[in-house]
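Here is a briefing on the structure shown below.

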2 protein chains.
Amino acid sequence: MDTTQRTEQQRSADRRRRELLEAADRVVLRDGPGASMNAIAAEAGITKPILYRHFGDKGGLYAALAKRHTDALLASLRAALDAPADRRERVEATLDTYLAAIEARPQVYRFLMHPAEGGQNDQGFDVGVHSAPLLRRLGEELAQVIEERVDLGPDSERVARVWGHGIVGMMHAAGDWWLGERPCSRAELVRILADLLWGRLAAVADKLGGPGF
Amino acid sequence: MDTTQRTEQQRSADRRRRELLEAADRVVLRDGPGASMNAIAAEAGITKPILYRHFGDKGGLYAALAKRHTDALLASLRAALDAPADRRERVEATLDTYLAAIEARPQVYRFLMHPAEGGQNDQGFDVGVHSAPLLRRLGEELAQVIEERVDLGPDSERVARVWGHGIVGMMHAAGDWWLGERPCSRAELVRILADLLWGRLAAVADKLGGPGF
DNA sequence: CACTCCATGTTACCGCTAGTAACATATGCT
DNA sequence: AGCATATGTTACTAGCGGTAACATGGAGTG
């Protein structure tokens, strides 16, 4: 088997794959997470079976699409997390980076959060990476950073992972709600969330007359 | 117009509606969130159009179903939140109650978290309350409790709502991950999450030699 | 009793979706 | 040339949410 042939064709296939992904991206950006395979194929100027040959099934296409955006977002977040500043500033920068990303492209964001829900095909579905790959990846990533950088004593791995997923979930839920209602500026949201992580809930006083909290 | 007849019929309709909801519950418990209207109708011993007459569309049925479970869960959480103990103990009890609930019925829980994703019908879909009603309700509820009970100074409403949604998101994401991987006991998870809310992330020291966090 | 009203129930259909089989065509390697 | 490989098509299946049209059975009224 000659290598040249394989390489040539594979390059062509990869290029095509990238073009298809970009078309899919445009459609998702326009139509949201419910974008159909037909619509994506039409945007790419082709028909459905080609998409299926490249990506297997809808889940495959969505996974490939999600990976691109997730990688990009993760890169931004890592930059914020690695900035030369103290811990509080870095946490705030990371929160702000995430919120800015979902604010800039809400459609993509909605797609990333609910990628595997678009079908009636539940049995026979490979339940491996199904629910919210972006959140899981972010959680694991943050867990790793935490465990690398702070001293959590014994059980540090477990603690770091719980915190990683917990913080990511906090960021996500607050961001989702904020994106829908826009109750305050991004900077303010960041500050309030950082206050929460800094233990202000434990520190503030009970309201007078109430049952306490 | 006679009142007796109307009441009679309405009672009958309500009884029927409850039966249908219980059948739907069984199916969702068995088949997960992707349960089809056909399956639910079959379980109830009838056919689709009756479901549609009672609930309008799939979203209506799912909303009614979700409301039942959400109300039940909210009642448990409120009880934990109102227990006579100090703030930390109450927060831990609330976290534990939530985690115990999702641990006991993972199928129902998955359904509650992703109720409105089961169809191809995105245009024509009333995008009102679509994404994750349970999380939103929990967030708002917690926000209200927080604002009632602790003294947050000016902007207390905004702060309380951000915290409410943030904490609920933290609980949800950590619970989701924990339910999938079971990396530790429930009690341990609760303790680690409460530590996070109590500001331990801000308090712990950098690891020696690292870039700091 | 006949007559209307209303809810319950059915069958049969629509338009849409994800996914596939069968067939046609070009391009490049041997 | 011949062969493999990737690209492309049309035409189809099975299942979904949702609806129209029609049938039935009991409550209240002349």
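D57(B) counts as partly exposed, at 38% relative accessibility; buried means under 20% relative accessible area, exposed over 50%, and partly exposed in between (1.4 Å probe, protein chains only). This is a predicted model: local features need pLDDT of at least 70, side-chain atom pairs count only at pLDDT 80 or more, and totals for chains, interfaces and linings use all residues. Residues are numbered from 1 along each chain as its sequence is written, chains are lettered from A and ligands numbered from 1 in the order in which they are written, and side-chain values use heavy atoms, with hydrogens and water left out.

**The loop residue D57(B)**

- D57(B) sits in the loop between α3 (48–55) and α4 (58–81) of chain B. Helices (H or I, at least four residues) and strands (E, at least two) are DSSP runs, numbered from the N terminus.
- Not counting residues up to four places away in sequence, D57(B) touches M37(B) and Y52(B). Contact means heavy atoms within 4.5 Å.
- From C-alpha to C-alpha, D57(B) and M37(B) are 9.4 Å apart in space. In sequence, 20 residues separate D57(B) and M37(B).

**Fold of chain A**

- Chain A has ten helices and zero strands.
- Of its 213 residues, 44% count as buried.
- Among contacts in chain A with a separation of 6 or more, 60% are between residues 24 or more positions apart.

**Interface of chains A and B**

- On chain A, 59 residues are in contact with 59 residues of chain B.
- The two chains bury about 5,900 Å² between them. Carbon and sulfur atoms carry 60% of that area. Buried area is the accessible area (1.4 Å probe) that two parts lose on being put together, summed over both.
- The rule finds eight salt bridges across the interface of chain A and chain B. A salt bridge is a side-chain nitrogen of Lys or Arg within 4 Å of a carboxyl oxygen of Asp or Glu.
- Across the interface of chain A and chain B there are also 18 residue pairs in polar contact, both residues at pLDDT 80 or more. A polar contact is a pair of N or O atoms within 3.5 Å; within protein, one must be able to donate a hydrogen and the other to accept it, and residues adjacent in sequence count only if both atoms are side-chain atoms.
- The elements that give two or more residues to the side of chain A that touches chain B are α5 (87–104), α7 (133–149), α8 (156–181), α9 (186–197) and α10 (200–203) of chain A.
- α8(A) gives the largest share of that side, 15 residues.
- The residues on the side of chain A that touches chain B divide into 28 nonpolar, ten polar and 21 charged. Ala, Val, Leu, Ile, Met, Phe, Trp, Tyr, Cys and Pro count as nonpolar, Asp, Glu, Lys and Arg as charged, and the others, Gly among them, as polar.

**Symmetry**

- Chain A superposes on chain B by a rotation of 180° with 0.0 Å of shift along its axis (RMSD 0.1 Å). The two copies are thus related as by a two-fold rotation axis.
- The same surface serves both copies, as 100% of the contact residues of chain A recur in chain B.
- Copies are superposed by least squares on the C-alpha atoms of residues with pLDDT of at least 70 in both.

**Charged pairs**

- Side chains of opposite charge can pair when their charged atoms come close.
- Over all chains, the structure holds 46 salt bridges.
- E181(B) forms a salt bridge with R161(A), the closest N and O atoms being 3.0 Å apart. E181(B) lies in helix α8 (residues 156–181) of chain B and R161(A) in helix α8 of chain A, so the pair joins two chains.
- R161(A) counts as buried at 18% relative accessibility, whereas E181(B) is partly exposed at 39%.
- R186(A) and D96(A) meet in a salt bridge (3.0 Å, N to O). R186(A) lies in helix α9 and D96(A) in helix α5 of chain A, so the pair ties together parts that are 90 residues apart in sequence.
- R186(A) is partly exposed, with a relative accessible area of 27%, and D96(A) is partly exposed at 26%.

**D195(A) and its network**

- D195(A) is found in helix α9 of chain A. D195(A) is buried, with a relative accessible area of 13%.
- A network of salt bridges links R88(A), E92(A), R191(A), D195(A) and R200(A).
- Leaving aside neighbours within four places in sequence, D195(A) is in contact with R88(A), R200(A) and W163(B).
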